[in-house]
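Please look over the sequence and the model that follow, and keep both in view while reading.

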Amino acid sequence: MNTSFLPPIEKPKGLIKNLVYAMTRKQFGKVPTPVKVHAARLPTAFGMFYGKISTLDKKLQLSRQTVFLVREQVARINVCLFCTDIGRFFAMKEAMSEAKFDALPEYSTSPLFTEAERAALDYVTELTQEKKVSQGTFDRLAPTTPSARSARSSGS
């Protein structure tokens, strides 16, 4: 199961690819296999993808912890072991507790999660599995401040 359909590129050709390898080697101690398999073959596409993620991250109004939990949940559902590993790496790098990551399969009943985190995790779970979200789940995402409640009830 550890064999990929495309062999990893151990020694890339080109300045940009070599820079990517050097940066990932510096950050992780080695070049992760997905970088050697995918990014080495499609550097422009992966560069654009990571640029979009960075741009979206700057617009998020979620806590960093919630962002990590959401990404981890989607990675778990999609069974992307690299994504779960790298997500945990970055979360731990920011000193986030591993307890929530370990409890993620039971987020709906675990006392470690807030109602807001449960709502966000329900949302991404439904969206990832069903490609749609129920109105009830969507409604749970709405802010619960008094001004937000009055704005919702007045239709603004």
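Among the elements of the chain, the lowest mean pLDDT, 45, belongs to helix H9 (residues 146-154), while helix H7 (residues 115-130) has the highest, 95; pLDDT is the predictor's confidence in each residue, on a scale from 0 to 100, and the helices are DSSP runs of H or I with at least four residues, strands being runs of E with at least two, numbered from the N terminus. Over residues 145-154 the pLDDT is below 50, and this stretch has five contacts in the model beyond near neighbours in sequence, where a contact means heavy atoms within 4.5 Å. For the chain, the mean pLDDT is 85, and 89% of the residues reach 70 or more. Because this is a predicted model, local features need pLDDT of at least 70 and side-chain atom pairs count only at pLDDT 80 or more, whereas totals for chains, interfaces and linings use all residues. Residues are numbered from 1 along each chain as its sequence is written, and side-chain values use heavy atoms, with hydrogens and water left out.

The chain has nine helices and zero strands, and from the N terminus on its elements run α-α-α-α-α-α-α-α-α. Of its 156 residues, 27% count as buried, a word that stands for under 20% relative accessible area, with exposed meaning over 50% and partly exposed what lies in between, for a 1.4 Å probe and protein chains only. The accessible surface of the chain comes to about 11000 Å², and 62% of that surface belongs to carbon and sulfur atoms; such areas come from the Shrake-Rupley method with a 1.4 Å probe, and for residues only the protein chains shown count as cover. Among contacts between residues at least 6 apart in sequence, 42% join residues at least 24 apart.

H4 has 14 residues and reaches 20 Å from its first C-alpha to its last, close to the 20 Å expected at 1.5 Å a residue, the expected span being 1.5 Å times one less than the number of residues. Its buried residues are Thr-66, Val-67, Phe-68, Leu-69, Val-70, Glu-72, Gln-73 and Ala-75, and the buried residues of H4 pack against H5, H6 and H7. After H4 comes Val-79, whose phi is positive, near 50°.

Which residues touch the most other members of the largest nonpolar core? In this core of 13 residues they are Leu-69, Met-96, Leu-104, Phe-113 and Leu-121, and a nonpolar core is here a set of buried Ala, Val, Leu, Ile, Met, Phe, Trp, Tyr and Cys residues joined through side-chain atoms within 4.5 Å. Helix H4 (64-77), helix H6 (98-103) and H7 each supply at least two residues of this core. Apart from it lies another core, of five residues, including Tyr-21, Val-31, Val-35 and Ala-40. In soluble globular proteins, nonpolar side chains tend to be buried together. Not counting residues up to four places away in sequence, Phe-113 touches Leu-69, Lys-100, Ala-103, Leu-104, Tyr-107, Arg-118 and Leu-121. Ser-110, in the loop between H6 and H7, is buried because its relative accessible area is 8%, and, leaving aside neighbours within four places in sequence, Ser-110 is in contact with Ala-103 and Arg-118.

In helix H5 (residues 81-93), Thr-84 is buried, with a relative accessible area of 13%, and Thr-84 touches Glu-72, Ala-75 and Arg-76, not counting residues up to four places away in sequence. Asp-85 also has its place in helix H5, but Asp-85 counts as exposed, at 54% relative accessibility. Asp-85 and Glu-72 are 13 residues apart in sequence and 8.8 Å apart in space, C-alpha to C-alpha.

A search of the whole structure finds four aromatic pairs, a pair being two rings of Phe, Tyr or Trp (its six-membered ring) with centres within 6.5 Å, stacked if the planes are under 30 degrees apart, edge-to-face if over 60 and tilted for the rest. The rings of Phe-28 and Phe-90 have centres 6.0 Å apart and planes at 80°, so this pair is edge-to-face. The pair links distant parts of the chain, with Phe-28 in helix H1 (residues 15-28) and Phe-90 in helix H5, 62 residues apart. Phe-89 and Phe-90 form another edge-to-face pair, 5.2 Å centre to centre with 80° between the planes. Phe-28, Phe-89 and Phe-90 form one aromatic cluster, in which Phe-28 is partly exposed at 27% relative accessibility, Phe-90 is partly exposed at 29% and Phe-89 is partly exposed at 31%.
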